[in-house]
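Please keep the display at hand while reading.

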Amino acid sequence: MADVFISYASQDRDRVKPLAEALQARGLNVWWDRSLAAGQDYAQVIERELKDAKAVIVVWSNASASSTFVRDEASRARDEGRLVPVMLDSIAIPLGFGAFQAEDFTRWNGGARAPQIQLLEEVLRAKLEGREIDGKKIADKRRKVGNRVRMVSLLTVIALIVAIAVGGKYFFQPQQHH
């Protein structure tokens, strides 16, 4: 039995794997359907794990937004106060879930130490410990994450411009022969 259940569309398996591994690396007990063993009753195991989890991450993506199973799992988590939405794609969150803040993973680099994982871990730990989530603390962290992502993006663009300028100078300057 895991503390954290991850609900996602099977088409997103390769995108969800680093998320599950990052949370496990942080010491969280995570269940996702890669944990199934041969011969197990798929539906029965998922239902049990979903029921027993203290937090349910619903990974919203282009594929999962139209998945009946993901919506069903998300509904159960929402109704029981265990929903932790994460958004992999910039989509309209399905009807019935738009009132819940989703952690924005649309620009996540897949790293276990990425700031988005830190935010998600804070929310999950609060759920697991049965305490209220400090909205101000999370909003402050979210703002810092946004600033960090923008700064890294800006520095990347600057480095690219410098590299192009240096490369252009090398390629387009006439070579002097001695």
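Predicted model: local features only at pLDDT ≥ 70, side-chain atom pairs only at ≥ 80, totals over all residues.

Residues are numbered from 1 along each chain as its sequence is written, and side-chain values use heavy atoms, with hydrogens and water left out.

Reader: What distance does helix α4 reach from its first C-alpha to its last?
Author: Helices are DSSP runs of H or I with at least four residues, and strands are runs of E with at least two, numbered from the N terminus. Helix α4 covers residues 115-129, which is 15 residues. The expected span is 1.5 Å times one less than the number of residues. Helix α4 comes close to its expected 21 Å, with a reach of 21 Å.

Reader: How many of the residues of α4 are buried?
Author: Buried means under 20% relative accessible area, exposed means over 50%, and partly exposed lies in between (1.4 Å probe, protein chains only). The buried residues of α4 include Ile117, Leu120, Leu124 and Leu128. Helix α4 is largely enclosed by the rest of the structure, because the number of its 15 residues that are buried is eleven.

Reader: Which residue forms a stacked aromatic pair with Phe5?
Author: Rings of Phe, Tyr and Trp (its six-membered ring) pair if their centres lie within 6.5 Å; planes under 30 degrees apart count as stacked, over 60 as edge-to-face and the rest as tilted. The whole structure holds four aromatic pairs. In the stacked pair of Phe5, the centres are 5.2 Å apart and the planes 15° apart. Phe5 lies in strand β1 and its partner in strand β2, so the pair ties together parts 26 residues apart in sequence, and that partner is Trp31.

Reader: What is the angle between the planes of Tyr8 and Trp32?
Author: Tyr8 is buried, with a relative accessible area of 9%, and Trp32 is buried at 8%. Their aromatic pair is tilted, with 5.7 Å centre to centre and an angle between the planes of 50°.
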